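Dear colleague,

I am passing on the structure below, and after it you will find a short account of what was found. Please keep it open while you read.

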Amino acid sequence: MPDESGSMRVSLKMLDVLPARIAVPLLGHIFLAPLCSFMECAGCVPAYTLFLAGSSGAKKSTAAALALSHFSHAFDNSHLPANFHCTANSLREMSFILKDVPLLVDDFHPVSDLRTKRIMDGIAQELSRAWGDRAARNKLG
């Protein structure tokens with residue numbers, strides 16, 4: 001909601017630096033995240049995972065960090081909370097601790113090493129299933 005300090009105007013300035021097709025879903029995700037517990041109580045839990053896709057250098061991490069800066073000014077495209085070098089267990093724990101704050105997991109990229117590819121694909125599948133139904137955020141184990 002807009003207030004006298006103009007904080008909503010600052011958020012909407014994302015539309016000045018990002019295409020609407022990217023900025024609108026990011027803003028929606030950022031503003032929805034803290035409401036998820038309330039929505040769960042009402043029986044209408046959002047069941048999705050936001051995924052930014054594009055070529056290397058397309059500024060995906062920068063756009064995501066800009067959106068995540070709604071929760072902390074510590075984030076930029078080289079200082080993000082998690083990446084695909086983390087284990088699935090550590091990512092689930094981070095998700096549980098953060099609960100209704102978006103957790104950005106960066107650097108899902110093609111690799112030539114088959115073992116690394118299997119690990120990254122497994123983490124992506126496990127997290128998308130757990131986060132899509134919010135299981136990782138509601139329980140730790």
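Glutamate 126 is partly exposed, with a relative accessible area of 31%, where buried means under 20%, exposed over 50% and partly exposed in between (1.4 Å probe, protein chains only). The model is predicted, so local features need pLDDT of at least 70 and side-chain atom pairs count only at pLDDT 80 or more, while totals for chains, interfaces and linings use all residues. Residues are numbered from 1 along each chain as its sequence is written, and side-chain values use heavy atoms, with hydrogens and water left out.

Glutamate 126 belongs to helix H7 (residues 114-132), helices (H or I, at least four residues) and strands (E, at least two) being DSSP runs numbered from the N terminus. Leaving aside residues up to four places away in sequence, glutamate 126 touches Ala88 and Arg92, contact meaning heavy atoms within 4.5 Å.

Searching the whole structure gives two aromatic pairs; rings of Phe, Tyr and Trp (its six-membered ring) pair if their centres lie within 6.5 Å, and planes under 30 degrees apart count as stacked, over 60 as edge-to-face and the rest as tilted. The rings of phenylalanine 51 and phenylalanine 108 have centres 6.2 Å apart and planes at 75°, so this pair is edge-to-face. Phenylalanine 108 counts as partly exposed, at 35% relative accessibility. The rings of phenylalanine 84 and phenylalanine 108 have centres 4.8 Å apart and planes at 45°, so that pair is tilted. Phenylalanine 84 is buried, with a relative accessible area of 10%.
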